[in-house]
Amino acid sequence: MAKFQEQLKEKAKELHLKEKAIYREKCPISPKMDGTQIFFSQSKISRLICKRRINTKDRLMKFGLITDPRCPLCMRENEDINHLFFKCTVSDNLLEYACTMLQMEKPSGNVLEVLTFVMKNFAGPAMRNLASRASFNIVAYSLWKERNARIFRNNTKTFQQLTKEVKNDIYIMLSKINKMKKTRKNILWAEQMGIDPHFQAKKPPSVFLDEGL
Ligand SMILES: [Zn+2]
């Protein structure tokens, strides 16, 4: 029995360290990153969510490491990956806020449904799509940080503080977009986002160049 307790303690230590490591992970949209690095798949938090490898309370409960299954954001429902990042009222409202800021439709559903929506609607290397994908990272990261702060340090931010944080991160991310292809859609989008990137004209087809036009 004592050995089992020891094993549990070890496991707890391991998991706790993992959580701390994730918590300490730099914001995926830090000022040091440029626009091209803001890929959905390059963010650790999103990768962990997609692979369901994140240590939410339901996982910790299975190991017998914790006894309170409640979501620290709403304190009403139990925390699992779908609830924490998508279904919780706090998460839903924060995602709604980010989607409104970027003037995009808000997905709803579980991890798989949201991921499918994101990949269907915001696929590809266009900066508009990168920014949309990055906004999901920003929201997920803010939620994870807030959840950890509430659990580990008993620190709680108000929803207004959370939206302010998300807004700042989105502004930082948008400010990193300094080049876009010159298309009507892109010009309109940049105007809506309040950014002023350099628009690169599309190269004319080589046939015109050959004819000196
Ligand atoms: Zn909740």
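## Confidence in the model

pLDDT is the predictor's confidence in each residue, on a scale from 0 to 100. For this protein the mean pLDDT is 79, and 75% of the residues reach 70 or more. Over residues 22-41 the pLDDT is below 50, although this stretch has 39 contacts in the model beyond near neighbours in sequence, where two residues are in contact if their C-beta atoms, placed from the backbone, lie within 7 Å.

The structure is a predicted model, in which local features need a pLDDT of at least 70 and side-chain atom pairs count only at pLDDT 80 or more, while totals for chains, interfaces and linings use all residues. Residues are numbered from 1 along each chain as its sequence is written.

## Overall build

The secondary structure comes to 10 helices and 2 strands, where helices (H or I, at least four residues) and strands (E, at least two) are DSSP runs numbered from the N terminus. Read along the sequence, these elements follow the pattern α-α-α-α-α-α-α-α-β-α-β-α. Of the contacts between residues at least 6 apart in sequence, 58% join residues at least 24 apart.

Of the 213 residues, 28% count as buried; a residue is buried if 20 or more other C-beta atoms lie within 10 Å of its own, exposed if 12 or fewer, and partly exposed in between, with C-beta atoms placed from the backbone. Just after H9, Gly194 takes a positive phi of about 75°.

## The nonpolar core

In soluble globular proteins, nonpolar side chains tend to be buried together. A nonpolar core is here a set of buried Ala, Val, Leu, Ile, Met, Phe, Trp, Tyr and Cys residues joined through C-beta atoms within 7 Å. The largest such core has 33 residues, of which Ala98, Ala131, Ile138, Val139 and Ala140 touch the most other members. At least two residues of this core come from each of helices H2 (44-50), H4 (81-87), H5 (89-101), H7 (127-153) and H8 (159-175), and H7 gives the largest share, 11 residues.

Leaving aside residues up to four places away in sequence, Ala98 touches Ser135, Ile138, Val139, Val166 and Ile170.

The axes of H7 and H8 come within 10 Å and cross at roughly 145°; axes are lines fitted to C-alpha atoms, for helices over the stretch in contact, and angles run from 0 to 180 degrees between N-to-C directions. H7 passes H8 in a right-handed crossing, a crossing being right-handed if the near helix is turned clockwise from the far one by less than a right angle, and left-handed if anticlockwise. Residues in this contact include Ala131, Ile138 and Val139 of H7, and Leu162, Val166 and Ile170 of H8. By class, the contact of H7 with H8 has 9 nonpolar, 2 polar and 3 charged residues, where Ala, Val, Leu, Ile, Met, Phe, Trp, Tyr, Cys and Pro count as nonpolar, Asp, Glu, Lys and Arg as charged, and the others, Gly among them, as polar.

The axes of H5 and H7 also come within 10 Å, crossing at roughly 150°, and this crossing is right-handed. Here Ser91, Leu94, Leu95 and Ala98 in H5 meet Ser135, Ile138, Val139, Ser142 and Leu143 in H7, a contact with 6 nonpolar, 3 polar and no charged residues. H5 and H8 pack at an angle of about 35°, with their axes 10 Å apart, again in a right-handed crossing.

Gln103 lies in the loop between H5 and helix H6 (111-121), and its phi is near 50°, a positive value in a residue other than glycine. Gln103 counts as exposed because it has 10 C-beta neighbours inside 10 Å. In the loop between H7 and H8, Asn154 has a phi near 60°, likewise a positive value in a residue other than glycine, and Asn154 is exposed, with 8 other C-beta atoms within 10 Å.

Leu112 lies in helix H6 and is exposed, with 11 other C-beta atoms within 10 Å. The C-alpha atoms of Leu112 and Asn82, which are 30 residues apart along the chain, are separated by 9.3 Å.
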